[in-house]
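Here is a short report on one chain.

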Amino acid sequence: MDRWLSGPSAASVKKAADPLVIDLGYGAAPITAVELHHRLAKVRPDVEVIGIEIEPERVRRAKALERPGLSFRQGGFEIPVAGRRPAVVRAFNVLRQYDESEYAAHWDMVRGRLAPGGLFIDGTCDEIGRRATWVAIAPEGPVSLSISLRFGAFDRPSDVAERLPKALIHHNFPGEKIHRYLQALDKAWAEAAVLASFGNRQRWLAMCRSVAAAGWPVLDGPSRWRLGEMTVAWAAVEPGYQGP
């Protein structure tokens, strides 16, 4: 996700009047905030990353890693930054801990605090980042769903279903848009099996081209596909039972 944020979505940080980035709910160790600062400083040298955690002890331990442009403080979805409007808020493996009935209110709270042109990124990944998904949410509402899979770490693209964001994970069944999308990926992946001898990257590229050609609103291209990523417009996967 850091790679995506510092690449095709870097404008949110590059063009920000206040290049403030929040790593919300960084967890037991602050390494994600440290890595995020390292990555984004190459895009915007004056970027400021603040890691926010609800647990005081986690914040206390992280303080030793503070440096210019990187700090830590206690808080939650209210984003305690004294009236500033972040360019980016990233929350990974945070909302998955909440009930499905709660995520929309948290989305609304955070996007209401974003700077104009800002992004709230709600994502989920496995323990070592082999399978990841994230929703990009603008102040006006959700924009896209990205998936990222490590080549060799999946049998079918739909294996990522277990790491869908809270907004989608309970909607992967026939009649829902996300189910149709994942099934379309699996079908295109199977049809590209003839390229398996050239490696999973070539097979993935063929899958992406096929899905885009079939009319799915794919928002990226080969430079991202080669990394095992693919981003589609939110309207193509948003929840809403469509019937069998």
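## Around leucine 168

Leucine 168 touches Leu145, Ile178, Trp234, Val237, Glu238 and Pro239, leaving out residues up to four places away in sequence. Contact here means heavy atoms within 4.5 Å. The residue is found in helix α6, residues 166-169. Leucine 168 counts as buried, at 0% relative accessibility. Buried means under 20% relative accessible area, exposed over 50%, and partly exposed in between, with a 1.4 Å probe and protein chains only. Aspartate 155 lies 13 residues from leucine 168 in sequence, and the C-alpha to C-alpha distance is 21 Å.

This is a predicted model, in which local features need pLDDT of at least 70 and side-chain atom pairs count only at pLDDT 80 or more, while totals for chains, interfaces and linings use all residues. Residues are numbered from 1 along each chain as its sequence is written, and side-chain values use heavy atoms, with hydrogens and water left out. Helices (H or I, at least four residues) and strands (E, at least two) are DSSP runs, numbered from the N terminus.

## The sheet

Eight strands form an open sheet with mixed pairing. Their order is β3-β2-β1-β4-β5-β6-β7-β8. The edge strands are β3 (70-74) and β8 (229-233), each pairing on one side only. Two strands pair if DSSP finds at least two bridges between them. On average, neighbouring strands of this sheet are turned by 20 degrees against each other, direction ignored. Axes are lines fitted to C-alpha atoms, for helices over the stretch in contact; angles run from 0 to 180 degrees between N-to-C directions.

Strand β7 (residues 141-149) and β8 run antiparallel, joined by five bridges. Serine 144 has alanine 233 in β8 as its bridge partner. Strands of a sheet pair through backbone hydrogen bonds, either parallel or antiparallel.

## Helices against the sheet

Helix α3 (residues 31-40) lies across β1 (20-24), β2 (48-53), β3 and β4 (88-92). Its direction is at about 155 degrees to β1. Helix α8 (residues 200-213) lies across β7 and β8, running at about 10 degrees to β8.

Which residues of helix α5 (residues 103-111) are buried? They are Tyr103, His106, Trp107 and Val110. Seen down the axis of α5, the buried residues fall within an arc of 105 degrees, so they line one face of the helix. The arc is that of the directions from the helix axis to the C-beta atoms. An α-helix has 3.6 residues a turn, so residues three or four places apart point the same way. The cover over the buried residues of α5 includes β4, β5 (119-125), β6 (131-138), β7 and α6.

## A buried glutamate

Glutamate 53 sits in strand β2. Its relative accessible area is 5%, so glutamate 53 is buried. Apart from neighbours within four places in sequence, glutamate 53 is in contact with Gly25, Tyr26, Gly27, Arg58, Val59, Arg73, Gln74 and Gly75.

## Cysteines

The count of disulfides is zero. A disulfide is a pair of cysteine sulfur atoms within 2.5 Å.

## Salt bridges

The count of salt bridges is 18. A salt bridge is a side-chain nitrogen of Lys or Arg within 4 Å of a carboxyl oxygen of Asp or Glu. Arginine 44 forms one with aspartate 46, with the closest N and O atoms 2.6 Å apart. Arginine 44 is buried at 14% relative accessibility, whereas aspartate 46 is partly exposed at 44%. Lysine 63 pairs with glutamate 66 in another salt bridge, the closest N and O atoms being 3.1 Å apart. Here lysine 63 is partly exposed at 40%, and glutamate 66 is partly exposed at 32%.

Arginine 131 and aspartate 159 also meet in a salt bridge, at 4.0 Å from N to O. This pair links distant parts of the chain: arginine 131 is in strand β6, and aspartate 159 is in the loop between β7 and α6, 28 residues apart. Arginine 131 is buried at 17% relative accessibility, and aspartate 159 is buried at 18%. A network of salt bridges links Asp2, Asp23 and Arg90.
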